[in-house]
Amino acid sequence: MRAYRFRIYPSEKQEEQMRQHLWLAKNLWNEMLEHSKQTYKDFGYFPTKNTLQLMVKGYGLYSQTQQEIAHRVHNAVMRVFKLRKKGVECGFPRFKSIERMKSLHYPQHETGFWLDKKLKVTPFGEIAIKKHREINGKIKTLTLKREASGKWFAVFSVDTPKEIPKENRGAAVGIDLGLMTFATLSNGEMIKNPRHLMKHEDRLAFIQRKFSKKKRRSSNRKKAKLKIARLHEKVADTRKDFLHKTSTQLVNDYSFIALEKLASQEMAEQNYGKSINDAGWNMFANMLAYKAEGAGCRVVFVDPKNTSKTCSRCGNIRDDLTLWDRVYNCPECGLSTDRDLNSAVNILIRATPGQGGSNACNSLLHEERDAAIAASMKQEAHIL
Ligand SMILES: [Zn+2]
């Protein structure tokens, strides 16, 4: 299953209708949740899916969309019930405000919606859609989504045919993802964050600072809020585009890619004091993983412990290495190389099993590492 997301352009009338449906969907969600809570309070059990489905009759939404909400409320409630039964403390599903109800679901193609040149959706009619790429596979479901910027999108889940893996004769590579340089490869190649993305991000930070100084509830504040939402969307789109292009190229160029197993959000915050990049890294790792198969590439995740502190030549661990040391100097063997490159080589070594026992494999790694170090030195010379 894959998701395809396209911008749609509803007419003024359609948009009004769609927003009204979001409103109804929100009310329906809240009513069913309230009913479930009350039933539990009064009788000690949750209403069945059937009961909920009877509640949605004639609510004014498209029938399958209503059923789907009943389905989701039931699932959410049951999840809580099961967790609590196991003794796990967890909060009840939340009531939704109109800001939190952003999407309408259509679970079945060719009944509730139809995609052709335009998108036909019951009961809104034909909506203009910008199909910027071809859909490869069988369309299953549709989600109409309203973003905070006010733009609407159609997201299709599509059953994609299984790809026949291509033959890939590329080399093996370790990749270190970083804050300064987006990715450093164990062969010395560096992938920088695109300049325009950084420009957008700087601008976003600037507007956000200005926004925090605006008076509460002023019309200027409202305007600024919309501006921020639009810029956020732009930053997210630009980043996603960059991640797509980069991941596609990597799985085509290499037959084996090793990455660090990514830390949880919490860990990332502890380690770097900021987590914005973490979301990007996770997305990137996912993209590599799902694109790899079709490209005949294997993606492996390794334990991230000490990948930057360990010397990639002799294995010595430098506990005194700080985040600000950009060059790895090894007092044991004299290796002096770029910090991220050292990590990338360690990641590759870690992902290659049996390298301790097999000489063939070991010497290959040594060769690769030496080539990588030579490449990095060349690059440094070039920069100088
Ligand atoms: Zn060393």
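## A first pairing

In strand S7, the bridge partner of Ile 8 is Trp 152. Helices (H or I, at least four residues) and strands (E, at least two) are DSSP runs, numbered from the N terminus. The structure is a predicted model: local features need pLDDT of at least 70, side-chain atom pairs count only at pLDDT 80 or more, and totals for chains, interfaces and linings use all residues. Residues are numbered from 1 along each chain as its sequence is written.

Strand S1 (residues 2-9) and strand S7 (residues 152-159) run antiparallel, joined by seven bridges. Two strands pair if DSSP finds at least two bridges between them.

## The whole protein

The protein has nine helices and 14 strands. Of its 384 residues, 25% count as buried. A residue is buried if 20 or more other C-beta atoms lie within 10 Å of its own, exposed if 12 or fewer, and partly exposed in between; C-beta atoms are placed from the backbone.

Two residues are in contact if their C-beta atoms, placed from the backbone, lie within 7 Å. Among contacts between residues at least 6 apart in sequence, 64% join residues at least 24 apart.

## The seven-stranded sheet

S1 and S7 sit in an open sheet of seven strands, in the order S2-S6-S7-S1-S5-S4-S3. The pairing is antiparallel. Strand S2 (103-106) and strand S3 (113-115) stand at the edges. Each has a single partner strand, so one side of each is left without a neighbour in the sheet. Neighbouring strands are turned by 30° against each other on average, direction ignored. Axes are lines fitted to C-alpha atoms, for helices over the stretch in contact, and angles otherwise run from 0 to 180 degrees between N-to-C directions.

Helix H1 (residues 12-43) packs on this sheet. H1 touches S2, strand S5 (125-130) and strand S6 (138-146). The direction of H1 makes about 90° with that of S2.

## Helix H1 up close

H1 has 32 residues. From its first C-alpha to its last, H1 reaches 46 Å, close to the 46 Å expected at 1.5 Å a residue. The expected span is 1.5 Å times one less than the number of residues. After H1 comes Gly 44, whose phi is positive, near 80°.

Which residues of H1 are buried? They are Ala 25, Leu 28, Trp 29, Met 32 and Ser 36. These residues pack against helix H2 (49-55), helix H3 (63-85) and S2. An α-helix has 3.6 residues a turn, so residues three or four places apart point the same way.

## The five-stranded sheet

A second open sheet has five strands, in the order S10-S9-S8-S11-S12, with mixed pairing. Strand S10 (190-191) and S12 are its edge strands, each pairing on one side only. Helix H8 packs on the sheet, touching S8, S9, S11 and S12. The direction of H8 makes about 130° with that of S8.

Strand S11 (residues 254-260) has five of its seven residues buried. S11 runs parallel to strand S8 (residues 171-177), with four bridges between them. S9 and S10 pair in the antiparallel sense over two bridges, with Ala 183 and Ile 191 as bridge partners.

## Two nonpolar cores

In soluble globular proteins, nonpolar side chains tend to be buried together. A nonpolar core is a set of buried Ala, Val, Leu, Ile, Met, Phe, Trp, Tyr and Cys residues joined through C-beta atoms within 7 Å. The largest core here has 28 residues. Those with the most contacts inside it are Ile 175, Ile 257, Leu 288 and Leu 348. H8 (339-351) is among the elements that give two or more residues to this core, and H8 gives the most, with seven residues.

Leaving aside neighbours within four places in sequence, Leu 348 is in contact with Ala 172, Val 173, Gly 174, Ser 186 and Ala 258. Apart from this core lies another, of 27 residues, among them Ile 8, Ile 69, Val 121 and Trp 152.

## A buried cysteine

Where does Cys 311 lie? Its place is in the loop between S12 and strand S13 (327-329). Cys 311 counts as buried because it has 21 C-beta neighbours inside 10 Å. Not counting residues up to four places away in sequence, Cys 311 touches Asn 316, Cys 330, Glu 332, Cys 333 and Leu 335.
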